[in-house]
Amino acid sequence: MDLSFSFIVPVYNRPDEIAELLESLTHQTYSDDFEVLIVEDGSTLSSEEVIGRYMDKLSISYYKKPNSGPGDSRNYGMARAKGNYFLIVDSDCMIPPQYLEAVHMALKKDFVHCFGGPDAAHESFGLLQKAINYAMTSVLTTGGIRGNKKALDKFQPRSFNMGISKIAFETVGGFGKIHPGEDPDFTFRVWNKGFDTRLIPEAFVYHKRRIDWNKFFVQVKKFGSVRPILNQWHPKTSKMTYWFPTFFCLGFLASLLLFAMGIRLPIYLYVVYFLLIFIDSLLKNRNLAVALLSLVAVSIQFMGYGYGFLKSSIFLNFSKKEPEILFPHLFFK
């Protein structure tokens, strides 16, 4: 296949971030042409002025539409793209210069209809951003499912950095209305249609993520809330490991109770785990403050995800209502 690439970028009230993304795309080492489709998803803070500054530097198509969520906005962009391979990135990402060249080389060597790439913390990121990035990408926390070479399970591309062929997009039918969770739902349907997925380690992006603890907690709680819904929709993908954050938090509470009763071993095991987190983050980030903040990030991650997962599981198992009725805040209409 002669590859022609189209970047698909939904944006919602983030003109400053889209400026950083577009600036990074102007530095691609890839020699052939590529296009960028920006889909303004009902924003009240328009990106039009920012995008106008890059019209003569990049081949940009800019669309405005009513707010319908990132999944539907990606579908909107892919339906209008001229390329035959779509590169989906979030507006809060910066793309390294070698990204597109790495994607092209990997697909030419071993073509796959859907791939994902890792995310990394840019040197310009703040301490909190680097700590959150560690919590979201470490094998010790998420099992490496978000782009680590040592992932413990079959790789699931994520929509902040995903590639999908036009053929696969048209066969699968695009993203659904759930959010978050639209990317694993999409990946599962890609698998069901017989397409493979693969990690391209060299195709990483710098993903800024949430920049305060409260936003991070809300985000991971939503991640936990959608997982039981995805398990219900795709029962073959359900795994006991998704219960780990919930059991971890409940176990910690139980270990505190046991410690008060003079039984110390359980709490010591938690101390060892967090010590491993600290050492691993320190080795990866080379920064004591980031390593300490990583302990906070991992704790918030487990509490938010674990609570969301437990609550959603209870509601789904003890109610006959559809997920869209039980959790309307997780679906776009």
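A salt bridge is counted here when a side-chain nitrogen of Lys or Arg lies within 4 Å of a carboxyl oxygen of Asp or Glu, and a search of the whole structure by that rule finds 12 salt bridges. The model is predicted, so local features need pLDDT of at least 70 and side-chain atom pairs count only at pLDDT 80 or more, whereas totals for chains, interfaces and linings use all residues. Residues are numbered from 1 along each chain as its sequence is written, and side-chain values use heavy atoms, with hydrogens and water left out.

**View 1. The salt bridge between K177 and D72.** The closest N and O atoms of K177 and D72 are 3.8 Å apart. This pair links distant parts of the chain, 105 residues apart, with K177 in the loop between α7 (166-172) and α8 (182-192) and D72 in helix α3 (residues 70-80); helices (H or I, at least four residues) and strands (E, at least two) are DSSP runs, numbered from the N terminus. K177 is partly exposed at 37% relative accessibility, and D72 is also partly exposed, at 24%, where buried means under 20% relative accessible area, exposed over 50%, and partly exposed in between (1.4 Å probe, protein chains only).

**View 2. The salt bridge between D90 and R74.** The side chains of D90 and R74 meet at 3.5 Å, N to O. D90 sits in the loop between β4 (85-89) and β5 (93-94), while R74 belongs to helix α3, 16 residues apart. D90 is buried, with a relative accessible area of 18%, and R74 is buried with a value of 2%.

**View 3. A network that includes R14 and E17.** Salt bridges with shared partners join R14, E17 and D92 into one network. Between E17 and R14, the closest N and O atoms are 3.2 Å apart, and R14 is partly exposed, with a relative accessible area of 27%.

**View 4. A nonpolar surface patch around F247.** M240, F247, L250, F252, L253 and L256 make a nonpolar patch of about 590 Å². Patches are made of residues with over 30% relative accessible area and no salt bridge, like charges being joined within 9 Å and nonpolar side chains (Val, Leu, Ile, Met, Phe, Trp, Tyr) within 5 Å, and accessible areas come from the Shrake-Rupley method with a 1.4 Å probe. F247 lies in helix α10 (residues 244-260) and is partly exposed, at 45% relative accessibility.
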